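Hello,

Here is the structure I promised to pass on to you. Have a look at it first, and then read on for what I found in it.

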Amino acid sequence: MRFQDKTVIVTGAAGGIGAAICARFGREGAQVIVTDVNAEGAEATVQALRSEGLRARAFASDISTREGCVALIENVTATEGRIDVLCNNAGINRRGALLSLSPEDWRLSFAVNLDAMFHLCQAALPQMIAQGGAAIVNTASQWGLYPAPNHIAYNVTKAAVASFTQNLARDYAPQKIRVNAVCPGEIHTPMLEAGVKRSGRTIADLDALVPFGRIGKPEEVAALVAFLASDEAAFMCGSLVEITGAQAVA
């Protein structure tokens, strides 16, 4: 119960890693604000948490826009009175090398994967500073550190997330704002399954590439996110933590 009576915002929470993060925080006592552009998906995550007796509510918002980000933070500040943890987890993956991408693919990748973090953090920081501190955990990627082929938009935005994390941490550590990022490798999510189907491979094929013997689970990333947000990680600030099963990027 490390997050008893604390307020946690999770973006991209309609499924996959985001839903697992919500469940982890909810089971540790948090009031979880489940955010996604997919209103039905966000509500489904909330209902799953409430079925366990956990505290959660949905807020559907398009965080690819500044207006959507500000609306989310204003709503949480007004209703909950504080923001203890912000998990910037929302992300999209527009696959392809440069010549196969449209300008819209590139623009939307930055809007969701990076610009949303800028707008959300800019809106949330005044409240976080006023209350004496908070934790921000961003979802970057192993591919942002070691680029995979044919994913330039995703790789570049996730590399920017890593840099954003370290810069934000350096600037606001004096105000006790801890900012860290998780950098997952291959994790068994709906996004990954869709990519596997397109490639003609199977999950077993991916498992065979991981020295640990299998790809990761959303719950394992959620456990790392919760640790980084907790007081157990009180001196961690500006860290980029890989969770890959020792897999190198192929």
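**What surrounds the first helix**

The buried residues of helix α1 are covered by parts of the chain that include β1 (7-11), β2 (31-36), α2 (39-50), β4 (85-88) and α9 (218-229). Please keep in mind that this is a predicted model.

To see what is being covered, colour Ile17, Gly18, Ala20, Ile21, Cys22, Ala23, Phe25 and Gly26, which are the buried residues of α1. α1 has 12 residues (residues 16-27), and at 1.5 Å a residue they should span 16 Å; the end C-alpha atoms are 17 Å apart, so the two values agree. Just after α1, look for Gly29, which has a positive phi of about 100°.

The same exercise works for α2: its 12 residues should span 16 Å at 1.5 Å a residue, and its end C-alpha atoms are 16 Å apart, which agrees. Which residues of α2 are buried? They are Gly41, Ala42, Thr45, Val46 and Leu49. These residues lie on the same side of α2, because they cover an arc of only 140° around the axis. What covers the buried residues of α2 includes α1, β2 and β3 (55-60).

**A covered strand**

Now move to strand β5 (residues 134-139), where six of the six residues are buried. Ala134, Ile136 and Asn138 point one way from β5, while Ala135, Val137 and Thr139 point the other way.

How many bridges join β4 to β5? There are four, and the two strands run parallel. If you follow the chain from β4 through helix α4 (residues 103-130) to β5, you trace a right-handed β-α-β unit.

**What the record says**

Finally, an unreviewed UniProt entry places the feature "domain: Ketoreductase" at residues 6-146. In the model, this span is 50% helix and 19% strand, and its end C-alpha atoms lie 35 Å apart.

Enjoy exploring!

Best wishes

Terms used
Residues numbered from 1 in each chain as written. Predicted model: local features only at pLDDT ≥ 70, side-chain atom pairs only at ≥ 80, totals over all residues. Heavy atoms only, no water. UniProt positions renumbered as here; feature names shortened; annotations may be inferred. Expected span 1.5 Å × (residues − 1). Buried < 20%, exposed > 50% of the residue type's maximum accessible area, 1.4 Å probe, protein only. Contact = heavy atoms within 4.5 Å. Pairing = 2+ DSSP bridges. Right-handed = clockwise from strand over helix to strand, strands pointing away. Arc of directions from axis to C-beta.
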